[in-house]
Amino acid sequence: MRARAFTIALLVVAFTCLFLPVANAYVDPGSGSFIFQALIGGLLAVAVAFRVFWRRVLGVFSKTRRESPDSS
Amino acid sequence: MQDEPQASPASFRDPRGFVFTRDGILYRQISHGHAPDYDRLISSGLYQELIDAGSLIAHQEVASELALSSDAYKVIRPERVPFVSYPYEWGFAQLRDAALLTLAVQSAAMTRDMTLRDATAFNVTFHHGRPVMLDTTSLGILEEGQPWVAYRQFCQHFVAPLALMTYRDVRLGQLGRVYLDGIPLDLTRDLLPSRTRTKAGLTMHVRMHAGSQERHEDDARQTERKAFSRRSFDGLIDSLRRTVESMSEPKGKSTWRRYYDETDHYSDAASAKKEELVERWIAETDPSIVWDLGANTGRFSRIATAKGIDTVAIDSDPFCIDQAYEDARRAGDEHLTPIVSDLTNPSPGLGWENRERSSLDERGPADLALALAVIHHLAIANNVPLPLIVDQLARSGRAVIVEFVPKTDPKVQRLLRDREDIFGDYSEAAFEESAEERFAISRREAVADSGRTLYLLEAR
């Protein structure tokens with residue numbers, strides 16, 4: 001009886017261990033940040049391009065438009 | 001006598017450019033591995049550009065015989081900063097300015113094909129009233145197609161605490177004292193109120209970023225990294241800048257900010273007398289650095305800074321420190337460094353061996369400390385016995401200007417209103433007796449009709 005209780009306890013412990021979160025002490029903590037930048041990179045590039053475009057559009061409609069050094 | 005040269009306990013993590021002291025002078029050794037990066041910094045003109053903008057600490061190259069180890073490519077001697085403050089001691093506006101400085105340095109670096117390899121807030125301190133980058137060797141050559149290696153650090157050290165201070169509570173700035181590598185993004189996400197979901201910058205740089213970190217934390221496979229275009233890089237820095245700029249000074253209650261507005265505890269004559277005595281005794285002691293303990297918004301600190309003396313204004317109220325900083329910036333005061341620290345629980349030594357970041361006491365004593373209208377708060381509101389208060393004064397300043405506020409004072413009466421008076425030994429006589437254990441009492445003057453007394457204590 002006691003041996004059976006012990007076996008069950010052992011099985012429970014072993015089973016629990018299967019579902020313990022895996023510690024990843026050797027994975028660079030920054031890898032998620034790297035991958036994330038690659039994901040948002042395209043979006044950020046479009047945002048910058050749009051802002052440059054929008055500034056030009058505003059420039060066209062601005063009455064006080066002056067020759068800016070980068071408009072050439 | 002010459003001291004043994006010593007590597008700084010704060011910079012052992014980066015062998016490319018560590019800091020050491022020799023004969024009390026601070027140097028930085030640049031290793032051969034970092035030589036191409038250092039040469040690019042100088043030859044590209046980036047160094048000069050950053051110095052002209054006041055963004056980077058200036059240095060001089062010195063003889064390489066001064067190196068601490070054989071791997072030295074160069075040895076540089078950075079300009080001395082009289083008091084190095086840490087991010088967890090800054091108010092909101094200081095942290096925000098430090099974030100914008102970091103991004104400005106990154107933008108300038110990118111125009112010369114360089115980048116910041118790390119972006120911890122500890123790379124920045126305040127000097128001449130402005131944030132300045134201390135770590136010359138964090139600037140390296142930009143590898144084309146690589147994303148920003150310091151992105152995670154920037155988000156954890158700047159975006160996270162600024163967001164928590166703005167949208168949750170300004171006191172959360174103190175979390176930086178626990179999380180020296182920046183506030184974890186998943187924690188930040190969980191602490192931020194749900195109304196911040198509408199903020200695009202925070203959604204991207206905190207919420208989605210935290211999600212990506214969690215998804216990939218057990219990602220052991222080598223991920224193929226797509227090239228990160230220069231336009232994406234510009235977009236990233238621009239987006240971070242907008243996110244930081246969108247966060248403004250948090251609102252909240254401050255017990256102390258209006259302290260000097262309440263006129264009930266000082267007559268005009270007493271107020272003028274106190275200022276006159278402080279000014280005269282500062283001139284007499286001729287300090288090169290002053291600590292103002294319990295500085296509030298820095299009213300008395302400004303007497304010292306007006307004389308061109310570097311002054312650290314210390315107060316536990318982040319709103320007061322914010323106000324002191326904003327006032328100093330507006331006035332062009334280059335000598336004030338306001339910091340948030342509670343005298344009853346001052347900044348401790350932190351990090352590896354508790355030595356990476358110095359405690360407040362280790363950064364002292366100053367030549368002169370001011371302890372004006374602060375003793376009664378320590379003694380009565382915080383139950384600190386007078387001899388222990390005097391010990392702390394001795395750790396803070398070689399000389400101290402102390403204001404003693406007697407029990408009959410309305411302010412002390414207010415502190416005693418709701419509690420039993422267990423402070424039988426709180427008296428001028430007892431204070432003088434304690435003070436004489438550690439100092440010589442050089443001056444003693446009544447503050448006009450206020451019943452308060454001002455002392456100048458000097459080391460024997």
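The sections below cover the helix, its packing partner and the cores of this predicted model.

## Helix H3 of chain B

Helix H3(B) comprises 20 residues, 92–111.

Asp113(B) follows H3(B) and has a positive phi, near 55°.

## Packing against H7

Two packed helices are described by the angle between their axes and the distance between the axes. For H3(B) and H7(B), residues 230–245 of chain B, the angle is about 165° and the axes are 10 Å apart. Angles over 145 degrees count as roughly antiparallel, and H3(B) and H7(B) are therefore roughly antiparallel to each other. Their crossing is left-handed.

On the H3(B) side, the residues making the contact include Arg96(B), Leu100(B), Leu103(B) and Met110(B). H7(B) contributes, among others, Phe233(B), Ile237(B), Leu240(B) and Val244(B).

## Nonpolar cores

The largest nonpolar core has 60 residues. Those touching the most other members are Leu46(B), Leu139(B), Trp148(B), Tyr151(B), Phe154(B), Leu236(B) and Leu240(B). Another core, of 36 residues, lies apart from it and includes Val312(B), Ile375(B), Val390(B) and Ala430(B).

Which residues does Leu236(B) touch, not counting residues up to four places away in sequence? In chain A they are Gln37(A), Ile40(A) and Leu44(A); in chain B they are Trp148(B), Tyr151(B), His205(B) and Phe228(B).

Notes. Residues are numbered from 1 along each chain as its sequence is written. Chains are lettered from A and ligands numbered from 1 in the order in which they are written. This is a predicted model: local features need pLDDT of at least 70, side-chain atom pairs count only at pLDDT 80 or more; totals for chains, interfaces and linings use all residues. Side-chain values use heavy atoms; hydrogens and water are left out. Helices (H or I, at least four residues) and strands (E, at least two) are DSSP runs, numbered from the N terminus. The expected span of a helix is 1.5 Å times one less than its number of residues. A nonpolar core is a set of buried Ala, Val, Leu, Ile, Met, Phe, Trp, Tyr and Cys residues joined through side-chain atoms within 4.5 Å. Buried means under 20% relative accessible area, exposed over 50%, partly exposed in between (1.4 Å probe, protein chains only). Contact means heavy atoms within 4.5 Å. Axes are lines fitted to C-alpha atoms, for helices over the stretch in contact, and angles run from 0 to 180 degrees between N-to-C directions. Angles under 35 degrees count as roughly parallel, over 145 as roughly antiparallel, 65 to 115 as roughly perpendicular and the rest as oblique. A crossing is left-handed if the near helix is turned anticlockwise from the far one by less than a right angle, and right-handed if clockwise.
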